[in-house]
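Here's a quick tour of a model, taken one piece at a time. Have the viewer open as you read.

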Amino acid sequence: MASVSLQNVSKHYGPHKIIEDLSITIPDGECFTFLGPSGCGKTVLLRLIAGFEQPNGGEIFIGNTLVSSIRKNIHIPPEKRNISVVFQDYAVWPHKTVYENIIYPLKIQKVHKEEAAQRTMAAIGDVNLNGLENRLPFQLSGGQQQRVALGRALVSRPEIMLLDEPLSNLDANLREEMRFEIKELQRNSGVTILYVTHDQEVALAISDRMAIIDNNGSIRQVGTPDEIHENPVDSFVFKFLGISNFIPVTYRDGGVYIDDSKVVLDYPISEKRISELQNDTMIAGCRPHDIRLVRDGTATKGVIKRMAYLGPIVDYRIESGGKEIRVQQDIQDVHDEERSGLIFQEGDVVGMKFLELRWFKSQDVEQERS
Amino acid sequence: MFSRYFKKIGIAEILLFLSVLVLVVVVAIPMLLIFWNALFVEGQFNVTDIIQVLSQKDTYEALKNSIIIAIGVTFFSTILGVFFAWLVSRTDLPLKSTMKLMFLVPFMLPSFIGALAWKILLSPRSGLLNKFIMNIFGLENSPFDIYSLWGIIAVESMYLFPFVFIQVSGALERMDPTLEESARISGANLFTITRRITLPLMLPSIAAGALLVALYSLAHFGVPAILGTEKGIYNIPTKIYEKIYASAGSFQAIRTGTVLSSILVISAGCILYLQSLVLKAGRFQVIAGKSMRPMLLKLRGLKMPLLIFSILYILITVVLPTVTIFLVGTLKTYGLTLTLENMTLKNIQYILFDWKLTKDAIWNSFYISLAAAFVTMIVGTLISYVIVKMKVRGKFILEFLGVLPFSVPGTVIALGVILMWSGKFGINLYNTAWIIFVAYIARYMAFSLKSNSAALEQVHDSLEEAARACGATHWQALRDIVIPLVKPGMVAAFFLIFLPALRELTTSVLLYGPTTRTIGVAIYTLNEDGETVYACTLASVALIIIIVGHSIIKRITRSGMEKVM
């Protein structure tokens, strides 16, 4: 097994800068996710590590080996890096059977015939494809093809496995199932996994640690899923990890109001925050679940614009102080006997109690939007 | 130190170098030589000479004829192609799928063999059909004269209209029927819809097909050579041929040839450019990916008349000429009536086993085509691989060179090859089979590139990268993944070259020597020498080979597709 280390790596296509001066180290045996919006260069990052692309600057190490450095004129080709890659489109070879696909890396490594056959069958078992060995890929479902790709990546016992959105073409149930299988495989084999995705749910579920990458190809935050979810460093990270409300807030005549309306924000505000509010225009961020709807007249007032019943949750769009706020309530909560009758209809006036708010400077949020 | 340099020159650079080398030697240099010879006299830039060449009566007559023929053929082919395409894809004509196949048959028939048949049928004095009609109606003079511009235009149109037919019927089948349905819901009747919606949407496809016909017709040798030269009607390719043969390759003749060739190349380039513009403009969202069921026009009372008309068209343009060739090919002497006692199969035996000239021709065509098809297939795969898959600096040179073969007519290739390989540059291949072989490579490279790059585009980059990530070197990835996947495309390319090359006339007629006639050349020269019967016998053999070959292709490409898809 091996660690991966990127030092001041940059990559551009012509004048187009994809990655600028990126540094990160992923220790041996970790499941690490690069999470970012599409087009942020995360796939390029993976291709740089795999060796399909050469960086324009900086150095890449796998274990203690320097594999890419333009300055030292070193570029170890992909086949010599002892990695394996699972591609977004699976890249299962259509002219080879499941068995032939999976045994291929061992054939290339000239592993002894009997051992190769044994390891291939073991890999087929690992990815639950028993009995499908002689099928051709067109006879397989998407999920099965995906598992062929995984099996092929595992069979050679690589030091590092690179996965590029391997779940994005699967349906929701299968995605969840494969998510667990990948995690399980990693635990059993101890391989270092680098996973690239734009799907925050998968990232949170699968990673030991993760990095959030922005549209300019820079890392915004690195940490465990819990750290990042609970303590996002900025509004970009916050926004990327789920549905989010950004509510502009002003402090006037001893009161805290939504934007420049007369609607009072129902949330305890510390002295320190008040002085911040006096100096800067601040924006309050919260998730749809961080708000509790009540009929209580003292809470922040709003009008239900749209209501959607989504099974376990009810989703509202509420207009308050000229802003639209997304709120979601668990169905158990609204059926709570004590607070019964808490399903609201369009046009109802409601009270919003804010359970948790995060504070961002207005100009930072504006910058993200532009 | 050295090893570092060596590392820099990887497989990518080697492949790029080889591909560029082949294209430069086989296509680019001959082309440059043509332009050079047209523009420079004894190393001096000279335009007045060009004007002088063009102001000679026979040159500008040829130019004028080429243009008239191209316009006429394009016009009639477009009408025929659009009409039949609409008939088989948008009406309830009976036997549609059979008719569709039948309309593609003229594509397989070499047009110069068609011209030969029509010469036998409609030549003013001895034409079989002419005599037949004169007998029935008691006419003094023959009603048709195939030795005319009209004759040439008619025969070329018969065999070129499938270009338009394929383009338009393909587009009609892929067109999103909701576009028409919404017009119908808005209250338009079918005639209005056809005129206001369908036809405008089809215009890019129609134009693309028509331009293809124009390109082909402008540079076409076979039909004008057989039907025109008798009465002194020349177009550019036949004029070039006549000049070079009349003067046995004198400088002045070569010069006229290069000037005319330059004009051909430039017009071909313009036509191709126009076509790319038209196709680009036509890329608005009319064509849905899947084929859907469009609404069909009910022909009602016209159903049978239109079916009979279509069948008659096929009978007259395909069956009649083919049967004529086969029957005349068995006659004991030309001019005898077509009755059983005048026929003999000895002719076939004679040309296949006894007569050196035809035996040589068949053998020459076979091995030259086989070798050329093989080499062109391999080189075409290499070049397409570099163009489609590789990221190497300098690729754009290859992309440019790769487009060249598409715009170079056969006559021009022949002339370029003569300039390059007749000893001026140290190698003299003139009068050998090699010169035809080289010319075929240049002529058919475009087919190979088209077929192979289409196949390669189907092979997603990640398939090859997956092999690399599994530890395979570039060569191993090519051997194990890429080549097996493009094999059907390569086989298709091979046959797409081999079959047309087998019956090639335009290029080889300028290049053949005493012992290097090809089948096409042999048929043409036999006809010129008045050996009409043997010309037909050889043509029958060629037709049989072509039909067998096409059915083999069909089987191979179909099974290849099934495996991969």
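## Two helices crossing

In this predicted model, helix H3 (residues 113-126) of chain A packs against helix H4 (residues 142-155) of chain A at an angle of about 135°, and their axes are 9 Å apart. Angles over 145 degrees would count as roughly antiparallel and 65 to 115 as roughly perpendicular, so H3(A) and H4(A) come out as oblique to each other. The crossing of H3(A) past H4(A) is right-handed.

Who does the touching? On the H3(A) side you'll find Arg119(A), Thr120(A), Ala123(A), Ile124(A) and Asp126(A), and they meet Gly151(A), Leu154(A) and Val155(A) of H4(A). Sorted by class, the residues in this contact are 4 nonpolar, 2 polar and 2 charged.

## The sheet

Chain A also has an open sheet of 6 strands with mixed pairing, and the strand order is E7-E8-E9-E3-E10-E11. Strands E7 (83-86) and E11 (219-223) of chain A sit at the edges with a single partner strand each, so one side of each has no neighbour in the sheet. From one strand to the next, the twist averages 15°.

Further in, take strand E3 (residues 31-35) of chain A: this strand pairs with strand E10 (residues 209-213) of chain A in the parallel sense, over 4 bridges. To find your bearings there, look for Phe34(A), which stands opposite Ala211(A) in E10(A).

Where they touch, domain 1 of chain A puts in 5 residues and domain 2 of chain A puts in 8 residues. The domain 1 side of that contact has 2 nonpolar, 1 polar and 2 charged residues.

Notes
Residues numbered from 1 in each chain as written. Chains lettered and ligands numbered in written order. Predicted model: local features only at pLDDT ≥ 70, side-chain atom pairs only at ≥ 80, totals over all residues. Pairing = 2+ DSSP bridges. Axes fitted to C-alpha atoms, helices over the stretch in contact; angles between N-to-C directions. Contact = placed C-beta atoms within 7 Å. Nonpolar A, V, L, I, M, F, W, Y, C, P; charged D, E, K, R; others polar. Parallel < 35°, antiparallel > 145°, perpendicular 65-115°, else oblique. Left-handed = near helix turned anticlockwise from the far one by under 90°.
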